[in-house]
Protein chains: 2
Amino acid sequence: MRSQTTALILSHFREHGTATRSDVSAALGLHAKTVANAINTLRDNGLLVPAGRRKSDAGRRQELFSINGSHGNYMGLDLGATHIIGILVDANCSVLDRVVFDIRPGLGVEIIVSQLKSIARRLAASSQRTAVIRGAGVCVPGFVDPRSGMSIVAENIVGWRNVHLREILAADTTAPLFVEDSSRALGVAERWVGSVRHASDFMVLDIGYGVGMAIYTGGELYGGTNHKSGEIGHTVVVPDGGVCACGKRGCLETVASGRAIALDARAAAREGRSSILMDLAQGDVDTISAADVSVAANMGDPLAGELLRAAGGYIGIALANAVNLLNPSHVVLGGGLTNAGAILLDSVSEALSLHTMTEIFKELQLSVSGLGVDGSAIGSAMLAMLSASLPTD
Amino acid sequence: MRSQTTALILSHFREHGTATRSDVSAALGLHAKTVANAINTLRDNGLLVPAGRRKSDAGRRQELFSINGSHGNYMGLDLGATHIIGILVDANCSVLDRVVFDIRPGLGVEIIVSQLKSIARRLAASSQRTAVIRGAGVCVPGFVDPRSGMSIVAENIVGWRNVHLREILAADTTAPLFVEDSSRALGVAERWVGSVRHASDFMVLDIGYGVGMAIYTGGELYGGTNHKSGEIGHTVVVPDGGVCACGKRGCLETVASGRAIALDARAAAREGRSSILMDLAQGDVDTISAADVSVAANMGDPLAGELLRAAGGYIGIALANAVNLLNPSHVVLGGGLTNAGAILLDSVSEALSLHTMTEIFKELQLSVSGLGVDGSAIGSAMLAMLSASLPTD
């Protein structure tokens with residue numbers, strides 16, 4: 001069964017509460033048999049429960065179903081270069097608990113892992129008040145191997161290589177654990193509870209400390225041949241430019257990422273080019289972050305505004321290249337840096353319109369994620385729920 | 001039924017002559033039922049015929065099948081900026097006839113259409129010697145609407161807009177007519193009779209007068225939301241660069257395409273920088289083509305070599321961006337400009353390795369199409385054959 005079908009059906013129940021098989025079939029334009037099979041599987045797996053009967057126009061009494069909110073909870077952990085966000089959701093995708101831990105640049109792998117475990121334990125304890133945890137997802141930037149549950153490399157976390165997340169978290173949550181790339185996890189969240197539920201071919205751009213992308217083709221998340229797709233952060237935007245964390249030159253991430261913006265801001269602050277940034281950093285230039293640059297820009301700091309606009313311009317070029325290549329119906333802009341607001345987003349959108357072929361751009365819908373910084377954590381939990389919703393074959 | 005299954009099964013029969021259902025199932029690693037269904041459909045549609053029986057190890061007599069070479073022929077027409085290539089193939093994909101017409105730059109739409117019709121008639125007449133034509137495909141660069149059979153725009157053919165190819169060719173071939181983009185047609189040919197028969201996630205780069213790409217995800221040709229995917233020729237490689245035929249600035253096609261190479265070569269020849277090119281053009285600078293540049297480069301002309309190397313470098317950057325985004329298992333380089341040989345291809349490959357993330361590049365297989373200039377025409381015929389091979393539902 002295609003995961004798109006299941007995701008659409010669960011979304012329908014989330015929006016409408018109760019529904020019959022024919023309600024779902026009519027609303028989603030899916031074959032009656034496809035819907036019946038998917039609903040049977042969801043009922044067998046405990047995610048849907050019978051909710052009485054309703055007379056149809058033809059006088060037959062049809063079974064109603066609804067989501068079984070107390071069936072189980074799902075944990076989502078988003079381990080990024082600057083934070084760990086843990087959330088606990090129920091089967092209705094309502095957030096029951098949330099824990100955040102800020103990572104200072106250069107923090108050791110052991111401490112990060114220890115914090116991750118501690119957050120997982122805290123959410124597991126919190127879940128005991130409502131329901132068992134049926135599944136957990138953890139996402140990290142960079143390359144992952146979902147089969148082994150391994151994080152292979154996250155270039156933006158110093159020393160992070162071959163971290164066996166499934167093994168590490170086994171003691172802290174006994175639920176099945178899924179490992180995914182952060183940007184793809186954000187894509188999953190947008191597909192399940194975001195704005196692209198009914199789209200088949202779309203992209204979710206994840207602008208944070210690094211820049212990544214989730215790509216959906218034919219309604220399914222596209223992983224690539226070795227689960228390494230979506231590396232838009234390594235689009236060449238400055239030929240012969242500076243060296244990137246990946247070892248190549250001129251990548252988007254060298255000029256337009258949370259990391260690049262922070263580094264450029266620190267350099268500028270050192271030269272005395274922004275008093276607001278110096279105030280925000282309380283004089284300690286090395287702690288200036290992209291978030292500080294966003295704050296400064298929104299306070300009217302010209303240098304900070306310039307940095308965000310320049311970054312947005314580069315992001316728009318890389319995005320235009322991807323849009324020209326894949327002709328998606330929707331692009332969603334998400335990730336922590338979207339908090340910078342219009343200053344950044346307008347320049348992304350301007351560059352996108354400037355460099356995307358006219359015929360492709362005019363059919364494209366561009367939007368900003370409504371999931372905020374929790375998007376990847378929510379998507380990680382959704383991954384676990386999605387897996388629990390599909391038939392085991 | 002997925003077209004990948006049908007394509008793989010037909011390829012198996014092409015390679016092995018006769019085979020039983022279990023031969024095919026074992027060779028391709030497909031479920032027995034999937035293979036049985038596909039073979040039944042192919043037999044019902046007349047593409048496969050019974051070819052006797054063979055005793056299995058268990059002593060049962062199993063049905064053999066083979067391709068019905070005389071069932072019907074397929075016509076493929078490739079209308080490019082510089083040529084029309086028409087081919088006629090039988091169900092074994094053997095080429096029965098081939099017609100080529102060179103298009104001079106600036107030739108009017110009416111004359112081109114008239115030549116296209118005349119080639120279709122010639123191939124239809126030629127087919128009468130062997131079998132009926134069961135289907136025809138025609139490909140053009142740019143945006144097409146396969147449903148209506150319309151070529152919407154081909155920027156590299158002056159004045160070419162909203163040309164209703166299906167209607168135009170209706171009188172010249174009564175077979176069902178399929179319209180596709182040239183680069184996607186090349187991808188279909190590579191998938192069916194080329195080097196990527198067993199790959200699921202791959203790209204075929206079509207380097208010709210323009211530059212386009214066929215993208216396969218999950219074993220299926222990816223069209224995009226409005227059938228406009230694959231526009232890698234409009235990747236931004238020169239920020240604030242020259243104006244492209246598409247109206248945008250700095251696109252790959254402005255610096256690395258048959259068109260760009262020819263224009264650069266003419267400018268250089270005018271400045272007296274290449275005597276070999278002047279000789280090839282017999283003094284008429286405006287007729288210098290990218291093919292002339294290839295010939296000159298292979299004769300050791302330094303300027304021509306420099307033009308091809310520079311173009312290859314840009315193509316490699318755009319290709320690296322696409323590979324980083326999609327993590328394909330294979331990239332095939334095809335299209336007319338690959339005739340330029342090692343001078344161009346080595347620089348594509350060098351730039352690709354320089355700009356693709358190390359972990360992605362080391363798992364990538366790069367090859368050059370063996371189909372030559374006929375690739376898109378063959379793919380157009382294959383599209384028609386593929387459609388005749390699938391169940392009508």
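Axes are lines fitted to C-alpha atoms, for helices over the stretch in contact, and angles run from 0 to 180 degrees between N-to-C directions. The model examined here is predicted.

**Exercise 1.** Describe how helix α11 and helix α12 of chain B pack.

*Solution.* Two packed helices are described by the angle between their axes and the distance between the axes. In chain B, the axes of α11 (residues 302-326) and α12 (residues 342-355) come within 7 Å, crossing at roughly 35°. The crossing of α11(B) past α12(B) is right-handed. Among the residues making this contact are B:Gly312, B:Gly313 and B:Gly316 of α11(B), as well as B:Leu344, B:Val348 and B:Leu352 of α12(B). Sorted by class, the contact comprises 12 nonpolar, seven polar and two charged residues.

**Exercise 2.** Determine whether A:Thr217 is buried or exposed, and identify what it touches.

*Solution.* A:Thr217 lies in strand β13 of chain A, which spans residues 211-217. A residue is buried if 20 or more other C-beta atoms lie within 10 Å of its own. A:Thr217 has 25 C-beta neighbours inside 10 Å and therefore counts as buried. Leaving aside residues up to four places away in sequence, A:Thr217 touches A:Asp201 and A:Tyr222, together with B:Thr217 and B:Tyr222. A:Leu326 is 109 residues from A:Thr217 in sequence, with a C-alpha to C-alpha separation of 8.9 Å.

Terms used. Residues are numbered from 1 along each chain as its sequence is written. Chains are lettered from A and ligands numbered from 1 in the order in which they are written. This is a predicted model: local features need pLDDT of at least 70, side-chain atom pairs count only at pLDDT 80 or more; totals for chains, interfaces and linings use all residues. Helices (H or I, at least four residues) and strands (E, at least two) are DSSP runs, numbered from the N terminus. A crossing is left-handed if the near helix is turned anticlockwise from the far one by less than a right angle, and right-handed if clockwise. Two residues are in contact if their C-beta atoms, placed from the backbone, lie within 7 Å. Ala, Val, Leu, Ile, Met, Phe, Trp, Tyr, Cys and Pro count as nonpolar, Asp, Glu, Lys and Arg as charged, and the others, Gly among them, as polar. A residue is buried if 20 or more other C-beta atoms lie within 10 Å of its own, exposed if 12 or fewer, and partly exposed in between; C-beta atoms are placed from the backbone.
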